[in-house]
Structures are given as structure tokens and as C-alpha cells.
Amino acid sequence: MGMNGDAGGSGLHRIACRIGADKPLYQHLVVGDDTWLWVDTGIRNTPDDFLWDYLDRTGLTPAPRQLAVITHPDVDHYGGLARMRSRLPQLIAGAHEWDAPLIAAHDVVMAQRYLVHGPAGVTPSPERQAQLMERAGQESGVDLLLTGGETFDLGSAGSWRVLHLPGHSRGHLGLWRERTKEAIIGDALLGWGTLNCDGLPVQAPPYFDVPGYLNTIEQIAELAPQTLYTSHFPLLTGAMVGDFLASCREAVRQIGDAVAAAMSGRGGTLEQLCRRVHSSLQRWPAGTELTLADAVSAHLADLGARTVGVP
């Protein structure tokens with residue numbers, strides 16, 4: 001899936017990594033004249049298991065200036081930050097000002113990200129919570145607070161503009177190189193949900209804000225990228241980009257319609273609604289019903305509805 005290496009001599013390297021046994025992860029590095037720009041840092045062990053080996057194999061010598069843009073506060077996007085700094089002590093990291101507090105503190109990210117549906121009765125298992133904390137690595141906050149619109153000039157590797165792409169998180173960031181019509185968007189858009197290493201669906205798309213997510217789809221469409229780099233999907237080029245954006249729109253439409261139908265006349269708990277929507281759409285494998293909690297909650301908020309405790 002995807003590619004591993006420099007994208008056509010443009011200074012942009014797409015590094016194929018993995019989380020656990022079966023989740024693809026693509027790390028992105030832009031090698032500028034005297035500055036490297038990393039996009040995300042993976043989970044705690046990503047640098048040691050994948051990134052340093054890639055540098056050794058390609059013979060890349062770290063530039064004197066090192067920057068990292070953390071796209072959003074999920075542990076598979078910032079958990080490797082402390083390990084990155086252990087080898088690159090000059091590394092300066094930035095994230096959106098709204099997401100930075102979650103990246104800096106385990107208790108905050110757990111409360112505001114992973115346990116957010118607890119009041120509605122949906123929480124990760126204790127084993128999953130322990131896994132998240134292990135993957136989050138040592139606490140290591142960011143140095144730069146970004147809002148979108150900032151530009152990083154990397155010389156021959158071009159000028160990269162920071163994009164604010166909300167929906168998957170309130171402050172989700174991406175990067176845009178106008179010269180080559182390339183966008184690096186992390187998890188800003190998720191199609192019908194993430195895939196395993198064989199390209200099979202493993203969960204529903206986790207978005208938290210329907211209007212923001214739809215706005216992000218259209219923001220990317222207006223840029224008309226020739227190449228779209230995501231963190232968990234294969235490389236998207238040419239007409240594939242439009243097809244992916246269309247799948248994102250269709251997923252939101254169908255999930256929204258299914259939530260409205262699931263609520264009609266009966267309401268229900270968040271878990272019950274997730275199971276109804278999962279059964280209605282039949283897009284994801286059995287056992288993944290509660291991966292719909294983020295999207296279902298987002299659509300409930302958009303509808304002005306709420307879950308109730310129905311037996």
C-alpha cells in the first residue's frame with residue numbers, strides 16, 4: 001500500500017510504518033535545504049522501529065533545523081515525539097493551539113479524546129486504555145501554537161502552508177504545497193473508515209464535528225490537489241483524489257441518514273444507536289459497532305438530538 005521513499009525527487013519522503021500487526025501508518029518528512037519538516041511522529045516506538053532505520057538506509061543526514069507539525073491529538077500521531085527529541089534534540093514541534101493541551105498531558109487526552117463518550121455509556125476497555133497510554137509515550141508538549149495560514153519555506157523543497165482542517169479533531173492541521181499541488185492531511189478525511197494492511201475496512205470513520213468535517217472536504221476539493229497524502233490510506237493521485245473526496249461525502253450522508261432513522265420515534269442509548277447504524281449500513285465487520293460512537297455522536301449534535309436510556 002502506498003509508497004516508501006522520496007516522492008519524485010521533491011524532497012517529500014513517505015515512510016511506510018505499521019502499528020501493531022495490521023494497521024498501516026505513513027509518516028511524512030520534507031527534506032529542505034537546511035531544515036527538515038516532519039509531519040507527525042507516530043506512536044512511542046515508531047521512531048525506533050521505522051524512522052531511524054529509514055534514515056540509515058537512505059543515507060539522509062539530519063539538517064541542523066528540525067521541525068515537526070503534529071496534525072492532531074491521537075496517540076498514533078504524537079506518541080513518538082519524546083523519542084524523536086532523544087535523537088534530534090533541536091526538534092521544534094508545533095500543533096494547533098486547540099489541540100496542544102491534549103498532546104501535552106495524558107490525563108487531558110484521555111478525558112477529552114478517548115473517554116469522551118463515557119457519560120453516554122461507551123468507553124474503551126481497560127486493556128485498550130492501557131494500550132493507548134503505552135503508545136502515547138513519555139509526555140512531551142509542543143513548542144509552537146499554530147492556527148492555520150502559517151508558511152514554512154524549505155528552499156528547494158518549496159513553501160508549505162499550514163491548513164486548518166477540523167472535523168476529526170477541533171484543531172486538526174494539514175500542509176499544502178501550491179507549487180506541486182500536494183496536500184499532507186493526516187487523518188483529516190477518512191473515507192468510509194480506516195483499513196488494515198490488506199486494504200480491508202476495520203472501523204467506521206471517526207469524526208467529531210459534522211459541519212467542520214464537511215467544510216474540510218470542500219476545502220480540500222477547492223485546492224484541487226494532484227496528490228493527497230494521508231496517514232492510513234494508500235497514496236492518492238489524479239482522479240483517485242476526487243473519488244476519495246466523494247467517498248467522504250457519501251459516508252457522512254449515509255451515516256447521517258442512518259442516525260436519523262435510528263433515532264426516529266424511539267431514541268436509544270449511544271451503544272444502541274451505534275448498533276442500529278452499523279446493522280443498517282453493513283459497511284464494517286462484526287465487532288466494530290462502537291467505532292461508530294464518534295460519528296453517531298457528531299450527527300446527534302448536528303440534529304440537536306441526544307441519547308436516552310432506553311432498555
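What follows is a short chat about overall shape and pockets.

Modeller: Heads-up: this is a predicted model, where local features need pLDDT of at least 70, side-chain atom pairs count only at pLDDT 80 or more, and totals for chains, interfaces and linings use all residues. Residues are numbered from 1 along each chain as its sequence is written, and side-chain values use heavy atoms, with hydrogens and water left out.

Colleague: What radius of gyration does the protein have?

Modeller: It's taken over C-alpha atoms, and the globule rule is 2.2 Å times the number of residues to the power 0.38. With 311 residues, a compact globule would come out near 19 Å, and the protein agrees with that because its own value is 19 Å.

Colleague: How much space lies in the largest pocket?

Modeller: A pocket here is an open set of points on a 1 Å grid where a 1.4 Å probe fits, with protein on both sides within 12 Å along at least five of seven lines. Volume is the space filled by probe spheres set on the points, joined across faces, edges and corners. For the largest pocket that gives about 830 Å³.

Colleague: Which residues lie nearest the centre of the largest pocket?

Modeller: Lining residues have an atom within 4 Å of a point. The largest pocket has 32 of them, and nearest its centre are Tyr-114, Arg-128, Leu-132, Gln-203 and Asp-294.

Colleague: And what is the volume of the second largest pocket?

Modeller: Its lining has 19 residues, with Gln-112, Arg-113, Val-116, Arg-170 and Phe-208 closest to the centre. The volume of the second largest pocket is about 350 Å³.
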